[in-house]
Amino acid sequence: MAGLEDLYREIILDHYRNPRNRGELECPPAHRSEGFNPLCGDEVVLTFEMDGDVVTDLRVGGYGCSISQASASMMSAAVIGKTIDEIRDLTRSFKAMMSIHEESIGGDGSEALDGSGTGDSGSSTDGALRLGDLEALRGVVKFPVRIKCATLGWNALATGIDETVAAG
Amino acid sequence: MSAGASPEIDGAVKAQFPLLERSVHGRPIVYLDSAASSQKPTAVLDAMDDYYRTINANVHRGAYEIAAAATEQMEQARTDVARFISAPSADEIVFTKNATEAMNLVARSWGGSNLGPADAIVLTEMEHHANIVPWHILAAERGFEIRWIPITHDGCLDLTDLDRLLDGAKLLSVTAMSNVLGTLNPIGRLAAAAHEAGALLSVDASQYVPHLPTDVGELGADFMVFTGHKMCGPTGVGVLWARMELLDAMPPFLGGGEMILDVTKEGFRPNTVPHKFEAGTPPIAEIVGLGAAVRFLEGLGMDAVRAHDVSLTGYALRTLTDRHGDDITVHGPSEPAQRGGVLSFVYRDVHPHDISQVLDQSGVCVRAGHHCAKPLMRCLGVSATTRASLYVYNDTSDIDSLTEALDEVGALFGH
């Protein structure tokens, strides 16, 4: 059975209690992107600065549950200093980790994802090498209703970067 | 409705709800989400099962035995529901899909033919989205004004400016009991003020009818909507009650079979009320189940149901505060007599999603979120709350489980 310790790993609680890169950058020059979860009213506001194709700074605002806040905090630590291509790659790996096949959920989720990643989608294996601390969020897939919490910030960042690229 | 002293609600009631025998995560289930949907007693499950096993046929057509029996069972439920809310006539009971559809019916049919650019309606800041969005949609088409009754800091309606808000308004549409705060609104006073101003009163009684003795005449309502699944009945069936003269004058809502007297290539003649508003094959088994739910609640006695709510709400307010002190804030009126058994609370600064997740591990089912009342959330200055809500099958041990499980939230998220 999936236990709370699978969801609330210590590193997640640490990011929740001590969020990294919290705040807001002045726009412009920074770019702004927002994400909403209409189910629970959670909201994430990202502001980020770019130099060429590198995200040089990023701040996380808004409010939400421990999972959405910790995931956005960990994301901010992971993407600052990275290029757009690297961030898109990381985002793909993270979302692959967060994607589940119906058959892997199984009833109350008891058989799914025991930590070895056997129930996960194949694409996450090499992604896992680079996800680092973000691996701690793997347990979220055992609690399907919380996946949207974990991906809230990532979706907002992907949208923000796409819009920035499109705007030239 | 039972008169005089009602028998107390005890553990024998809980035993009639089969789902409450199950466990989750290895713990006995503690169901505290009845404001979202109630559990179903054996009497309701059996009525629906019997209907499908022995009667199932389409209603209001077909002369054969079981078709007649299906019609009779459905119409018996209409009579039961009418009696339950003291409606003058069973023909004033319109079956819908849920309370939301019933409110959309009022907005589309009555609002669509009575509201224009010069008009105004009045809502309150504590409404469920089901009593907001249909009016927003209609207002965008027809251009009338929507005014709002504000709420006080303790979650009651602030009626200071009521007369000014109602001046020139055609409708006041208000919840009888908040699905977030549990607040019981002064419907009688609102009805008098609305009628004095020449406005009609529409009441969202989704939380009220399942929990309090209801008399539409006493309330002074012109329209009232509620839903089956919050009152021990099945999902898929709701009710609109309205005064016959209003229903008579209103145009049809949905078009199709059943709601017509005649159809030609040029047009149609609508059926009589209530069939005019019941297009297509109705949810027959669900209506039969709702009838059984009504008889189940009548068997308990609605006075006893209300007394049980008040007693258990008082116990919950005391216990939660005694155990958790300043760590917990319960929204809404502090006096159990002014509220129903709906307890929205904030625990420390822990997000409602996290609270409900931890409580779930103890088998405790509560709701986390905005409860389809985002304007109210903004008034309260929160994005979401955790909500525990009570019904006839809950007892003090359920409250104790909630209180104890909150300790685990504190242990996990404490600083």
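**View 1. Pro29(A) sits in the loop between H2 and S1 of chain A.** Helices (H or I, at least four residues) and strands (E, at least two) are DSSP runs, numbered from the N terminus. Pro28(A) also has its place in the loop between helix H2 (10-17) and strand S1 (31-37) of chain A. The peptide bond that joins Pro28(A) and Pro29(A) is cis, with an omega of about 15°, and the bond from Cys27(A) to Pro28(A) is cis as well, with omega near -20°. Most peptide bonds are trans, and most residues other than glycine have a negative phi.

This is a predicted model in which local features need pLDDT of at least 70 and side-chain atom pairs count only at pLDDT 80 or more, while totals for chains, interfaces and linings use all residues. Residues are numbered from 1 along each chain as its sequence is written, chains are lettered from A and ligands numbered from 1 in the order in which they are written, and side-chain values use heavy atoms, with hydrogens and water left out.

**View 2. Ser71(A) lies in helix H3 (residues 66-79) of chain A.** The relative accessible area of Ser71(A) is 0%, so this residue is buried; buried means under 20% relative accessible area, exposed over 50%, and partly exposed in between (1.4 Å probe, protein chains only). When its neighbours within four places in sequence are left aside, Ser71(A) is in contact with Phe94(A), Leu137(A), Ala150(A) and Trp154(A), where contact means heavy atoms within 4.5 Å.

**View 3. Asp57(A) and Arg59(A) form a salt bridge, with their closest N and O atoms 2.7 Å apart.** A salt bridge is a side-chain nitrogen of Lys or Arg within 4 Å of a carboxyl oxygen of Asp or Glu, and the structure holds 27 of them over all chains. Asp57(A) is buried, with a relative accessible area of 18%, whereas Arg59(A) is partly exposed at 23%.

**View 4. In chain B, a salt bridge links the side chains of Asp33(B) and Arg367(B) at 2.8 Å, N to O.** Asp33(B) lies in the loop between strand S3 (30-31) and helix H2 (42-55) of chain B and Arg367(B) in strand S16, so the pair ties together parts that are 334 residues apart in sequence. Asp33(B) counts as buried at 6% relative accessibility, while Arg367(B), at 40%, is partly exposed.

**View 5. The side chains of Arg243(B) and Glu245(B) meet in a salt bridge of 3.0 Å, N to O.** Arg243(B) counts as partly exposed, at 25% relative accessibility, and Glu245(B) is exposed, with a relative accessible area of 58%. Elsewhere, Asp80(B), Arg83(B), Arg295(B) and Glu298(B) are joined into one network by salt bridges that share partners.

**View 6. Arg348(B) has a positive phi, near 45°, although this residue is not a glycine.** Its place is in the loop between strand S14 (342-347) and helix H12 (352-361) of chain B, and at 37% relative accessibility Arg348(B) counts as partly exposed. Helix H12(B) itself is mostly covered, as nine of its ten residues are buried, among them Pro352(B), His353(B) and Gln361(B). Just after H12(B), Gly363(B) takes a positive phi of about 85°.

**View 7. Cys372(B) is a residue other than glycine with a positive phi, near 55°.** Cys372(B) lies in the loop between strand S16 (367-369) and helix H13 (374-380) of chain B, and is partly exposed, with a relative accessible area of 32%.
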